[in-house]
Amino acid sequence: MPLFDHLSELRRRLTVSVAALVLAACGLYFVAPELIYILVRPILEYITKPEITPLLVNATSLHEHQVLNFSDVFGAFALRFKVSLVFALFVTSPVWIWQVLGFFNPALRPNERKWVIPTFFAAIALFCLGAVFCYLVILDPAFQWLIAQAEDVGHVLPFADAYVNTILLFEIGFGVAFELPLVVFYLTVFNIIPYKKLRASWRVVYVVLMVVSAVVTPDASPITMILMFAAMTALYEGSLFISRLVLRRRMARLEAEAEDGYKDESEDDAEGQ
């Protein structure tokens, strides 16, 4: 398409994405206290008072027992807006990811377009998997280690914005990190980096994954880094295994086509003689 048609298409897709995001954020703003409770649920034992049983805490009692604090009068509004916006990004991810893929889809070759739908679902599934893994496995030991560092120094006051921001950073970091299989899969399948080279350079890759684990995790906890590294290593090896299966099928198909072509040429030569 001409340049202005591309710009018009981009504007249309951005409008759809932004409209979906704004509507979802406005709706989620009214249930933000419940969303905040869901976020802090794995670490309730580190923010509730000793006489409060974490299992009995809910979104209302978090306020009643004042286990979360704000540093200024605008803190509650800013936190509710931020939480609703982040959750809106998650909720509307199928919409804006589909709009992004739809914009670039015309530039792809026919044999590349067949990967659009699998990529769409795989990207969402992997991000959700990373967020769930962080929520169930990472948050508790991470906050336990962080709060333990203050035992001989002082008390950690549970400010709501700081705690929720840290949790959101963890969730987003692990969600993005779990997209690694998609990156590795396409690097090998499209032969940007040959499979054999990635397989032979596993030591370098592991070092890179360790560095990424240290950068992505918002705390300096060695426990968090090790868990992130273990998860990314498993995902990396799994993506290489899937790439190998795909490439093996492709090589088998190419060999079969080459063999059929050789047979056809032999038959033509026989008929010519």
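Reader: In this predicted model, does Phe174 count as buried or exposed?

Author: The model is predicted, and the value for Phe174 is computed from it as a relative accessibility of 1%. Because buried means under 20% relative accessible area, Phe174 at 1% counts as buried.

Reader: Which aromatic residue pairs with Phe174, and which class of geometry does the pair have?

Author: A pair of aromatic rings is described by the distance of the centres and the angle of the planes. For Phe174 and Phe133 these values are 6.1 Å centre to centre and 40 degrees between the planes. Since stacked requires planes under 30 degrees apart and edge-to-face over 60, the pair of Phe174 with Phe133 is tilted.

Reader: Which helices does this pair link, and how many residues apart are Phe133 and Phe174?

Author: Phe133 lies in helix H7, whereas Phe174 belongs to helix H8. The pair thus links distant parts of the chain, with a separation of 41 residues.

Reader: Why does Phe133 count as partly exposed?

Author: The class of partly exposed lies between buried, which is under 20%, and exposed, which is over 50%. Phe133 therefore counts as partly exposed, because its relative accessibility is 22%.

Reader: Which helix gives the most to the lining of the largest pocket?

Author: The largest pocket has a volume of about 370 Å³, and 15 residues line it, with Leu89, Phe90, Ser93, Trp96 and Phe127 the closest to its centre. Helices H4 (75–91), H5 (93–104), H7 (116–148) and H8 (160–177) each supply at least two residues of that lining. The helix that gives the most, with six residues, is H7.

Reader: How many nonpolar residues does the lining of the largest pocket have?

Author: Sorted by class, the lining of the largest pocket includes one polar and one charged residue. The count of nonpolar residues in this lining is 13.

Reader: Which residue has its charged end over the ring of Tyr29?

Author: Tyr29 forms one aromatic cluster with Phe30, Phe77 and Phe81, in a structure that holds 14 aromatic pairs. Over the ring of Tyr29, 4.6 Å from its centre, sits the charged end of Arg80.

Reader: What percentage of the contacts between residues at least 6 apart in sequence join residues at least 24 apart?

Author: The protein chain has twelve helices and zero strands, and buried residues make up 36% of its 273 residues. Among contacts between residues at least 6 apart in sequence, the share that joins residues at least 24 apart is 75%.

Methods: Residues are numbered from 1 along each chain as its sequence is written. This is a predicted model: local features need pLDDT of at least 70, side-chain atom pairs count only at pLDDT 80 or more; totals for chains, interfaces and linings use all residues. Side-chain values use heavy atoms; hydrogens and water are left out. On a 1 Å grid over the protein atoms alone, a cavity is a set of points where a 1.4 Å probe fits but cannot get out, and a pocket is an open set with protein on both sides within 12 Å along at least five of seven lines; lining residues have an atom within 4 Å of a point. Grid points are joined across faces, edges and corners, and a volume is the space filled by probe spheres set on the points. Helices (H or I, at least four residues) and strands (E, at least two) are DSSP runs, numbered from the N terminus. Ala, Val, Leu, Ile, Met, Phe, Trp, Tyr, Cys and Pro count as nonpolar, Asp, Glu, Lys and Arg as charged, and the others, Gly among them, as polar. Rings of Phe, Tyr and Trp (its six-membered ring) pair if their centres lie within 6.5 Å; planes under 30 degrees apart count as stacked, over 60 as edge-to-face and the rest as tilted. Buried means under 20% relative accessible area, exposed over 50%, partly exposed in between (1.4 Å probe, protein chains only). A charge sits over a ring if NZ of Lys or CZ of Arg is within 6 Å of the ring centre and within 35 degrees of the ring normal. Contact means heavy atoms within 4.5 Å.
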